[in-house]
Every structure is written in C-alpha cells, then in structure tokens.
Amino acid sequence: MSKQKLTTRIIGGKYKGKVLALPRLDITRSSKSILKESFFNVLQFDIINTIFIEVFGGSGSIGLEALSRGTKKSYFCEINKQSYKVLCQNCNHTQKDSCITIFGDSFEKIPVLINSLDNKKEQLIIYIDPPFDFRDGMNDIYKKSYKMVKNITNDNIMLVAFEHNSSLNLPDTLGKFYKFKIRK
C-alpha cells in the first residue's frame, strides 16, 4: 500500500488551483485555506509589487499564494531538511525566478535578510507562523519571534503578520510595531 501524498492548492491569483506538496504532518502544519483566503482578501491590492517574507517557510504555501496575487518576490526560510526540499520543489513548479529559499534557522537568517532589504523602495510584508509551541523544543518560539520583530528597524515594513493558535494573546506593541487587527 502506498502512502498518500499530502497536498494543498493555491486559492487565488494567476496560479489559482496549482497543487502544492506538503511535508509530513509530524514535521509541519499547513495554513488552512480559509485562513489564506481571509488574509489575502484583507490585503487585496496592497500586496502587489511588495516583497513577501515567510519566516517559517514549511511548504511555502503562504508566500506562493502571495506571488500568485502579485508580490514581486517571496523569500522563505526553513530549517527542516525534508520541509526545505518540499519548499524548493513547490517554488520550482510555480514561479522559480521570484522565489528565494534560505535553509537554516529563521532567528539567525531572517534578521540578516530584513536588514539587507532596508534600503529597497519596495514595501515588505513579513509573515510569521511559528511551529506551535507545544512541540518539543518550541516552548519559547513566540518569545523568540517577538524579540526578532522588536529588533526590526527598517522603515519599509508594510505589515508584520502572525499566525498563531487562538489561545495566544499577542502583545499590543513589539518595538516600533503595534497591533491593529486580529482575526479569528
């Protein structure tokens, strides 16, 4: 008996319907389609010609959705080898030239990336969906994510978005950023 491959789809834009592979569920969890639809409906045309950064890349489904809807470029960072392989395959089958994949620890690689994009004229959207903190080794994942955001000094950040479990209360401010919208 063969194992069934896990997949998701791009739900809007020029790649609507494109099938994306997913890593095993014990490694990562994919964002739900209803969440993707809600998030991108809020952004609509504001996302066009921005640079999108998916901090915890996983399969890349959020950043590839952003590309499908008009971002110039999507950056992805992923530390798990299997997830990184799936991420690269998904990028290669979608819009390879507009995808930049980074293998490694997001808390080391993403601040360097964000600093390197400081003088760009394009606005940046940073999407943070940490592995849930109940997993082994992830008990301080939100604290580390908050600290990373607090340390951002760029003036070209349009939005920092957190996807998190509903029981978490995000701080009202993180450095120069403030909470302005919550959706469940």
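## Cover over helix α5

The buried residues of α5 are covered by elements that include α4, β6, β7, β8 (173–174) and β9 (177–178). This is a predicted model. The buried set in α5 consists of Ile141, Tyr142, Ser145, Tyr146, Met148 and Val149. These residues lie on the same side of α5, because they span an arc of only 160° around the axis. Lys143 and Lys147 sit on the other side of α5 and are exposed.

## The sheet

The sheet is open and has 5 strands. Their order is β5-β4-β3-β6-β7, and the pairing is parallel. β5 (99–103) and β7 (157–162) are the edge strands, each pairing on one side only. From one strand to the next, the twist averages 15°.

Strand β4 covers residues 73–78 and runs parallel to β5. The two are joined by 5 bridges. Within this pairing, Glu78 of β4 stands opposite Phe103 in β5.

## Helices on the sheet

Helix α4 (residues 106–116) packs on the sheet. Its contacts take in β3 (51–54), β4, β5, β6 (124–128) and β7. The direction of α4 makes about 155° with that of β4.

Helix α5 (residues 141–150) also packs on the sheet. There, α5 touches β6 and β7. Its direction makes about 175° with that of β7.

## A buried glutamate

Glu163 is placed in the loop between β7 and β8. Is Glu163 buried or exposed? Its relative accessible area is 10%, under the 20% cut-off, so Glu163 counts as buried. The side chain of Glu163 has a polar contact with that of Tyr127, at 2.6 Å.

## The chain as a whole

How many helices and strands does the chain have? There are 5 helices and 9 strands. Along the sequence, they follow the pattern β-β-α-β-α-β-α-β-α-β-α-β-β-β.

The chain has 184 residues, and 47% of them are buried. Take the contacts between residues at least 6 apart in sequence: 63% of these join residues at least 24 apart. The accessible surface of the chain is about 10600 Å². Carbon and sulfur atoms account for 50% of that surface.

Conventions. Residues are numbered from 1 along each chain as its sequence is written. This is a predicted model: local features need pLDDT of at least 70, side-chain atom pairs count only at pLDDT 80 or more; totals for chains, interfaces and linings use all residues. Side-chain values use heavy atoms; hydrogens and water are left out. Two strands pair if DSSP finds at least two bridges between them. Helices (H or I, at least four residues) and strands (E, at least two) are DSSP runs, numbered from the N terminus. Axes are lines fitted to C-alpha atoms, for helices over the stretch in contact, and angles run from 0 to 180 degrees between N-to-C directions. Contact means heavy atoms within 4.5 Å. Buried means under 20% relative accessible area, exposed over 50%, partly exposed in between (1.4 Å probe, protein chains only). The arc is that of the directions from the helix axis to the C-beta atoms. A polar contact is a pair of N or O atoms within 3.5 Å; within protein, one must be able to donate a hydrogen and the other to accept it, and residues adjacent in sequence count only if both atoms are side-chain atoms. Accessible areas come from the Shrake-Rupley method with a 1.4 Å probe; for residues, only the protein chains shown count as cover.
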